[in-house]
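Please read the numbered points beside the sequence and the model.

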Amino acid sequence: MLRRLLPAIVAGIVLGSAAPASALIPPDTRCRTGTVALTFDDGPSKEQTPRLLKILRANDAQATFFVQGRFAKKYPEILRQMVRDGHAVENHSWNHPELTTRSDRSVERQLESTQTAIEKAIGRKPGLFRPPYGDTDAGVRAIGKRLELRQQLWTIDTRDWSGLSKSKIRAAALRGLRPHRSNVILMHDNVGNSPATLKAVPSIIKRLRRQGYCLAPLESMMPLGTVSAPSRTVEAGDKPSRLVKITFEMDGPAQRNGSFRVRAVSGSAQEGIDFRAVDRRVAVHRGQTTAEIRLRIYGDPKPNQAKTLSLRLDQPRGLRIGTRSVAVTIADDAQWEAAVRALIEPVVRPAATLTP
Ligand SMILES: [Zn+2]
């Protein structure tokens, strides 16, 4: 971190930045315009990727690599070098098919085998996948979600694969930038024209920084996941109390560890009488798609009408809250049924056993 702050501190001194003289740490002015993720697809390539890594190292720039599983398996040492240099390694399928034309099973194999190859190389599974050609649909996204992978496309396509010159690639990368937004630039390190890409990278980085953009791995820029839960009905049952599971769902695998606070608030159901108080933080770990709590419901000896309470979600950390209030209805069906049955059915009891 210090290494990255230093240029900003030096720049602040040289340029006489507007930071108040009393500030102990000068603001990092490099991020004044926004953040950019440089992403490189299709590698690693034995020839291009080590050269690209050298260029990024020389420029103290971190990038994100969407690798193909077959090459990750072939060149695990290049993946390890990426991680050592602070880059992120993500999933770009095993051998680059159009995923929407494949069966679910085949899409799953494409993504899963790549997860395995990457994990074998660097000891960690990716949290992001990028479908080849950006070819995707709800089915592909759902398979990704099952594998704890969140889909990530791009905001700027340099079309560097189409044989453009260094200056054309650079112009394309810079043209689509949006200040104060997340910018994701798509380039390639393993197609026929990658030499031009490699030539363009140093000047792209220089210009981005001159314009006030920071470079960041994609994962740290990902939109935060959103947690939500449907309203639900639980049965009070005839036992003195029971625990019911309440599940909260993320809109995709969590990209970082996060948490939120849950409180149970009385409605017609009363805290302490109908349910036990809840006021706690619920953790969502990286890669998880759900989190749950257990709510203790107290039974009622008398048949009752349904009662309600609500679970309030607030104080999110590392995620967003989609449902602020989840209605929970405590039904009393079993007891209503028992009461009704008692009225309409002849009651057959075993011969009474008198107890002293
Ligand atoms: Zn690709």
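**Note on cavities, helix packing and backbone**

1. One cavity of 30 Å³ or more is counted. On a 1 Å grid over the protein atoms alone, a cavity is a set of points where a 1.4 Å probe fits but cannot get out, and lining residues have an atom within 4 Å of a point. Grid points are joined across faces, edges and corners, and a volume is the space filled by probe spheres set on the points. This is a predicted model, in which local features need pLDDT of at least 70 and side-chain atom pairs count only at pLDDT 80 or more, while totals for chains, interfaces and linings use all residues. Residues are numbered from 1 along each chain as its sequence is written, and side-chain values use heavy atoms, with hydrogens and water left out.

2. The largest cavity has a volume of about 80 Å³. Its lining includes A236, D274, Y298, D300, K307 and D332. Strands β14 (290-298) and β17 (325-331) each contribute at least two lining residues; strands here are DSSP runs of E with at least two residues, helices are runs of H or I with at least four, and both are numbered from the N terminus. By class, five nonpolar, three polar and four charged residues line the largest cavity. In this scheme Ala, Val, Leu, Ile, Met, Phe, Trp, Tyr, Cys and Pro are nonpolar, Asp, Glu, Lys and Arg are charged, and the others, Gly among them, are polar.

3. The second largest pocket has a volume of about 240 Å³. A pocket is an open set of points with protein on both sides within 12 Å along at least five of seven lines. Of the 14 residues that line the second largest pocket, D42, H96, Y133, W161 and H188 lie nearest its centre. The lining of this pocket comprises seven nonpolar, four polar and three charged residues.

4. Helix α2 (residues 48-58) and helix α4 (residues 76-84) have axes that come within 11 Å and cross at roughly 10°. Axes are lines fitted to C-alpha atoms, for helices over the stretch in contact, and angles run from 0 to 180 degrees between N-to-C directions. The two helices α2 and α4 are therefore roughly parallel, a term for angles under 35 degrees. T49, P50, L53 and R57 of α2 meet I78, Q81 and M82 of α4, where contact means heavy atoms within 4.5 Å. Four of the residues in this contact are nonpolar, two polar and one charged.

5. Helix α2 also packs against helix α8 (residues 194-210), at an angle of about 10° and with the axes 10 Å apart. This makes α2 roughly parallel to α8. The contact involves Q48, R51, L52, I55 and L56 of α2 together with S194, P195, L198, V201, P202 and I205 of α8. Eight nonpolar, two polar and one charged residues form the contact of α2 with α8.

6. Some backbone details deserve attention. G43 and P44 are joined by a cis peptide bond, with omega about 0°, and P44 is found in the loop between β1 (34-41) and α2. R159 is not a glycine, yet has a positive phi of about 50°. R159 is found in the loop between β6 (156-157) and α7 (166-175).

Note on methods. Angles under 35 degrees count as roughly parallel, over 145 as roughly antiparallel, 65 to 115 as roughly perpendicular and the rest as oblique.
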